[in-house]
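Dear colleague,

I am handing over the structure below for your files. Please look through it first; my notes on what was found follow directly after it.

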Amino acid sequence: MANAKPTLNLANFTSPSITLPPSLEGLFNDIFVGCEQLSSISIRSDNQNFITQDGILYSKNQKYLIAYPQGKKAAYFTVPDAVTEITDYAFYGNTFLKSVDLKNTEIIREFAFYGCENLEKADALSLLGVGAFAFDETK
């Protein structure tokens, strides 16, 4: 496996923050599942594929919200206007979030809000599709 790309293994990650490498090209959808203490994600601005804003990971063009940390302690969140898709597992297991304004979001992928047990409200005006189990284990 001389040409294998390095991968991140966060199975036992307990830090409240992580800085992703500037060379990062891709992530497994569920890479942050189980990172209960994680409240902030950062990446250098010269990364070609991702950006972070307020500790949340997005695609570089901000069309995709990729990861909202499981330990982020905010009761309310407004998805930025540019985001049209919430990826698989993006908010998975965040127990602090009570309300989310999805603004221009058109697609919510599988397990996106799974386990957000205090989530009571999700306002979505532009929604076209919702993946399997996207809102399971929520209020």
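**Salt bridges and paired strands**

Lys-121 is partly exposed, with a relative accessible area of 45%; here buried means under 20% relative accessible area, exposed over 50%, and partly exposed in between (1.4 Å probe, protein chains only). Its partner in a salt bridge is Asp-123, with the closest N and O atoms 3.7 Å apart. Asp-123 is also partly exposed, at 34% relative accessibility.

Please note that this is a predicted model, in which local features need pLDDT of at least 70 and side-chain atom pairs count only at pLDDT 80 or more, while totals for chains, interfaces and linings use all residues. Residues are numbered from 1 along each chain as its sequence is written, and side-chain values use heavy atoms, with hydrogens and water left out.

The whole structure contains four salt bridges, a salt bridge being a side-chain nitrogen of Lys or Arg within 4 Å of a carboxyl oxygen of Asp or Glu. One of them joins Asp-81 and Lys-103, at 3.3 Å from N to O. Asp-81 lies in the loop between strands S6 (76-78) and S7 (85-86), and Lys-103 in the loop between strands S8 (99-101) and S9 (107-108), so this pair ties together parts that are 22 residues apart in sequence. Strands here are DSSP runs (E, at least two residues), numbered from the N terminus. Both side chains are partly exposed, Asp-81 at 49% and Lys-103 at 31%.

Another salt bridge links Arg-109 to Glu-85, with the closest N and O atoms 2.9 Å apart. Because Arg-109 lies in the loop between S9 and strand S10 (121-123) and Glu-85 in strand S7, the pair connects parts 24 residues apart in sequence. Arg-109 is partly exposed at 37% relative accessibility, whereas Glu-85 is buried at 13%.

Turning to the strands, two of them pair if DSSP finds at least two bridges between them. S3 (residues 50-53) and S4 run antiparallel and are joined by four bridges; Thr-52 has Leu-57 in S4 as its bridge partner. Two residues separate these strands in their hairpin, where Asp-54 takes a positive phi near 55°.

S4 also pairs with S5 (residues 64-67), in the antiparallel sense and over two bridges, and Tyr-58 has Leu-65 in S5 as its bridge partner. In this second hairpin four residues lie between the strands, and Gln-62 in the turn has a positive phi of about 65°.

Which residues point each way from S4 (residues 56-59)? Ile-56 and Tyr-58 point one way, Leu-57 and Ser-59 the other, and all are buried.

With kind regards
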